[in-house]
Amino acid sequence: CDSPAPALGGDPCYGSDGQQEPCIIQPCPLQSQWSEWTSWSRCTTMCGVGTKFRARQCVRGDQSASDCEGQKLEVTSCFNRMCPVDGKWSAWGPWTQCTSSCLRQRQRLCSKRLHGGKPCIGDNIQIEKCPVAACRKLTVTTTAPKLASLRISGELNGEKVEGMYLDAEIKQDGPKQLVTATLKDILKAQANWYPYLSFLMPPLSWNTASEKEKADNGYSLTNGNFSEESRFQFATGQELVVRHKGRGMDKSGALKVDIEMVGQVPMIQPTSSVVISPYTEDYIQTGPNSLYTSSKSSLDVDGEKQPFTWNRTVVYDRSQGTMPYLVEKLSTDEIASQYNPNRQQLDFKVSSEISRKFHHNRCPQGFRLDPVHHHCSDIDECKEWKGACHQSQICENQFGSYHCQCQPGFRLSTNGVKCIDVNECEESEPCSHNCHNTKGSFYCSCPPQLTLSHNGRSCKAWGDLDVAELREDYDDSDSDEQFLEANALESVMCRPGHMWDNNMCVDVNECKNDNACVEEEVCINNLGSFHCLAIPCVNSYWDQLSRSCIKMCDEWPEGCSGNTAVAEIVKHETVKLNSSSLKPYEELVTLQPLGLHLEPLTRTVYDITSNEQDVPLRIRIENYSGILYALKYFQINGISRVTIKASSFSRDYKTELYTTHYIVLLYIE
């Protein structure tokens, strides 16, 4: 305000001394920019070398901005693992010459599979009958051995045997071949087991047997090159294993056999006369180059019979083919051995013949014919026969047969069929105070003023400490004082039914012991103790292995409830709850239905069929199992019973194979 400036008391200028107005200028140009790179993609191949990529986008600026510089796609190589290489068959090799059994064979090789590749599918050997014309031209070119040389080693009744040789002579004796042998320079102190040299002779009986009905003896089949293992079991409990290794015939015409023996035999007086009763053996062709036989006989020691049994396997070069018959019978006369203490000499003789077993060429009971390889395969009766053994027994497959036996803690009933529990409490008195028999076992308990000792059988005063007893499972390097300081707290601080853990006494869950309760009972754990709740099986049987009641649908005229095809199962589960820590959606128990062979039943749906106290529970399916969980916090009185039906279906979901009723017992400790 200066035009003019106020003077002589004049007023100042009115209004603002400045003026503003907007102005427009050109905005700065917005440049284009790249976005962040995406994650790398998966490799284009599951194995071997492949590629992977990642990308980014160009975020454009204004109209005058130029494009982003650089690549919007980045590609690189990747490698997960080596690709598997499957095995591949080579071409078939040439056919072998026809054997005396009029069979020939050829082989092929499977190349080595790599990096988890699949093996070749199919057989590596083909066996077929030779053309009729070729069979007619077959001539026997083998010459049976007239001598045998045996080299013996091993350990018998704890005595080392080495450097022993036995020479035998083989000659025709009427319709049979006779083997005679003499062993000299035998020490009198060792003579009590030398009569068992008879058990070393089976290869000679088989290799030199007189051949009947076009059967092959061992030498005709193997040319004297074989491996044989024999297992003898005596009624007195001893067992002897003898291994023979045939090495063919030498230039002098002697069959060479190395013999190793290991085991125990009944003791016999040096002057005793020992005779093995006549017996027969059935040699079964169990593979292209393997045989199996078993039999029984008895030792006659000065007129006293001692029974024994044996089985043996023979393996030889498969290029030799198979026996003319699937089963050949070896008949052996009396095997006699006599020790002369004056001459320190053992005399031995045996004669044998071999013939076909059956008029029609077939496999014996317990085997089935393998038509491709022309041999007999063992039948696993335990897998194929549903009722091979009683449901209370364990089935054990054996070569050509099977055996039923009871589980530990059980014995066969008087009818010889069912297994019954052994009551250890009545038969052996294993406990110092209270003995409780369970199915297959037992457990001991003590009066209230006493506690169970470390050995689980005797009782002691609460708080007493037996250092020697406690140290059984610990290192002996520490002194008693150091051991007590480190390990004695649980014995002096915790009451019965509790254990020392993490510097405090905690409850012992006795129900983790499968023998806590007997058959058809379920275990309920309490603080410091437990009790057993009866769960009797109705129209079903108790299965100890799965601890459940099982009803076989085909064993009852009325079948199972609904349309269940195989079995109806009732299983109890106990769930101990801690009310102070129960949370919504907390998992209570996992239910996994199992089949008769304890296989998981994966195609299963679940339904809660009864709920005594209306506990807020639901089931979800996770990893083919049913998960029972709580919707919210709840309280129960005593034991609450919840029943869940699990229906397990066939692959196409058209047939309900199993119905499992889970009875879940909820209780708060």
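This is a predicted model: local features need pLDDT of at least 70, side-chain atom pairs count only at pLDDT 80 or more; totals for chains, interfaces and linings use all residues.
**Notebook: strand pairing and aromatic contacts**

Strand β37 (residues 567–577) runs parallel to strand β43 (residues 656–668), and the two pair over 11 bridges. I then picked Val575 and looked up its bridge partner in β43, which is Leu666.

I found an open sheet of six strands in the order β35-β36-β37-β43-β42-β39. The pairing in this sheet is mixed. I noted β35 (541–543) and β39 (604–611) as the edge strands, since each pairs on one side only.

I moved on to the rings. How many aromatic pairs does a search of the whole structure find? It finds 11. I described each pair I opened by the distance of the centres and the angle of the planes.

My first entry here is Tyr292 with Phe399. The centres are 4.5 Å apart and the planes stand at 75°, an edge-to-face pair. Where do the two residues sit in the chain? Tyr292 is in strand β16 (residues 290–301). Phe399 is in the loop between β23 (394–398) and β24 (401–405). They are 107 residues apart, and the pair links distant parts of the chain.

Is Tyr292 buried or exposed? Its relative accessibility is 12%, so I logged Tyr292 as buried. Phe399 has 39% relative accessibility and therefore counts as partly exposed.

I then followed Phe399 to another partner, Phe367. This pair is edge-to-face too, with 5.6 Å centre to centre and 85° between the planes. Phe367 belongs to strand β21 (residues 367–370), and 32 residues separate it from Phe399 in the loop between β23 and β24. I recorded this as another link between distant parts of the chain. Phe367 counts as buried because its relative accessibility is 9%. Phe399, partly exposed, thus has edge-to-face pairs with Tyr292 and with Phe367.

I also listed an aromatic cluster. Phe232, Phe234, Tyr279, Phe308 and Trp310 form one such group.

Which ring lies under the charged end of Arg108? It is the ring of Trp89, with the charged end 4.0 Å from the ring centre. For Arg362, I found the charged end over the ring of Phe358, 3.8 Å from its centre.

Methods. Residues are numbered from 1 along each chain as its sequence is written. Side-chain values use heavy atoms; hydrogens and water are left out. Rings of Phe, Tyr and Trp (its six-membered ring) pair if their centres lie within 6.5 Å; planes under 30 degrees apart count as stacked, over 60 as edge-to-face and the rest as tilted. Helices (H or I, at least four residues) and strands (E, at least two) are DSSP runs, numbered from the N terminus. Buried means under 20% relative accessible area, exposed over 50%, partly exposed in between (1.4 Å probe, protein chains only). A charge sits over a ring if NZ of Lys or CZ of Arg is within 6 Å of the ring centre and within 35 degrees of the ring normal. Two strands pair if DSSP finds at least two bridges between them.
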